[in-house]
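Colleague: I would like to go through this structure step by step. May I put some questions to you?

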Amino acid sequence: MASSAGAGVCLCGCVGGCATFNKVGTTSAIAPDAYTVEVKTIKVLLDKTPSLASVGGSVKIIDARLPTPVIIGRTGKSTYAVVSLLCPHRGVEVEYRHEDKMFRCASLGHSKFGTDGKLIKGLTKKSLSPYAATLDPTDKNRLVVTL
Ligand code: FES
């Protein structure tokens, strides 16, 4: 089965209906100049990340320097939830669903996770990895994610 460039294929064919042809969700990727990776942190420049400008927005960061790709959801005026991007079931990306206050797998299996990454329901028994995220007290345009 063909898939778009860079996208994986998930054809697990499980009875629970997880099968999908694309492991990539709808979340936009962060711009390369909108973040830095340091020893144990990611620093996100919010003024360069329009998808986080409004509450309910989200962005993903896929970078080989990270232990895992992550997704950031803006949960409130000055609060953010950061979790690992890939569903533990078959590695499909999760998406932030602000209206439901959760991350949900983009596959047909739709495993659901709280904003703290904990599994709510789904085809996996594992949770997503959560990461602490706080606004830099000296620069409110900078979100610091601790890995
Ligand atoms: S990959 Fe199967 S539920 Fe997420």
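**Contacts, sheet and burial**

Modeller: Start with tyrosine 80, which touches Leu46, Leu52, Ile72, Gly73, Arg74, Thr75, Ala133, Leu135 and Leu143, leaving aside residues up to four places away in sequence. Keep in mind that this is a predicted model.

Colleague: How many residues has the largest nonpolar core?

Modeller: Tyr80 is among the residues with the most contacts inside this core, along with Ile42, Val44, Ile61, Ile72, Leu143 and Val145. At least two residues each come from β1 (35-37), β2 (41-45), β3 (58-61), β4 (70-74), β5 (80-84), β10 (130-136) and β11 (139-146). The size of the largest nonpolar core is 20 residues.

Colleague: Which strand gives the most to this core?

Modeller: Several strands supply at least two residues each, including β4 and β11. The strand that gives the most, with 3 residues, is β10.

Colleague: How many helices does the chain have?

Modeller: Read from the N terminus on, the elements run β-β-β-β-β-β-β-β-β-β-β. The chain has 11 strands, and its number of helices is 0.

Colleague: Which strands stand at the edges of the open sheet?

Modeller: The sheet has 7 strands, paired antiparallel, in the order β1-β2-β11-β10-β5-β4-β3. From one strand to the next, the twist averages 20 degrees. An edge strand here has a single partner, so one of its sides is left without a neighbour in the sheet; the strands in that position are β1 and β3.

Colleague: What is the bridge partner of threonine 36 in β2?

Modeller: β1 and β2 run antiparallel and are joined by 3 bridges. Threonine 36 has as its partner in β2 lysine 43.

Colleague: Is proline 32 buried or exposed?

Modeller: Proline 32 lies in the segment before β1. Its C-alpha atom is separated by 9.1 Å from that of isoleucine 61, 29 residues apart along the chain. Exposed means over 50% relative accessible area. Because its relative accessibility is 72%, proline 32 counts as exposed.

Colleague: Is valine 92 buried or exposed?

Modeller: Valine 92 is found in the loop between β5 and β6 (94-97). Its C-alpha atom and that of serine 107, 15 residues apart along the chain, are separated by 6.3 Å. The cut-off for buried is under 20% relative accessible area. With a relative accessible area of 1%, valine 92 is therefore buried.

Colleague: How many disulfides does the count come to?

Modeller: Cysteine 87 is buried, with a relative accessible area of 4%. Cysteine 105 also counts as buried, at 1% relative accessibility. A disulfide needs a pair of cysteine sulfur atoms within 2.5 Å. By this rule the number of disulfides is 0.

Colleague: What share of the residues of the chain counts as buried?

Modeller: The chain exposes about 7700 Å², and carbon and sulfur atoms supply 55% of that area. The chain has 147 residues, and the share that counts as buried is 44%.

Colleague: What share of the contacts between residues at least 6 apart joins residues at least 24 apart?

Modeller: Separation here is counted in sequence, and contacts between residues at least 6 apart form the total. The share joining residues at least 24 apart is 43%.

Methods:
Residues numbered from 1 in each chain as written. Predicted model: local features only at pLDDT ≥ 70, side-chain atom pairs only at ≥ 80, totals over all residues. Heavy atoms only, no water. Core = buried A, V, L, I, M, F, W, Y, C linked by side-chain atoms within 4.5 Å. Buried < 20%, exposed > 50% of the residue type's maximum accessible area, 1.4 Å probe, protein only. Helix = DSSP H or I, 4+ residues; strand = E, 2+ residues; numbered from the N terminus. Contact = heavy atoms within 4.5 Å. Pairing = 2+ DSSP bridges. Axes fitted to C-alpha atoms, helices over the stretch in contact; angles between N-to-C directions. Areas by Shrake-Rupley, 256 points an atom, 1.4 Å probe, with all protein chains shown as cover.
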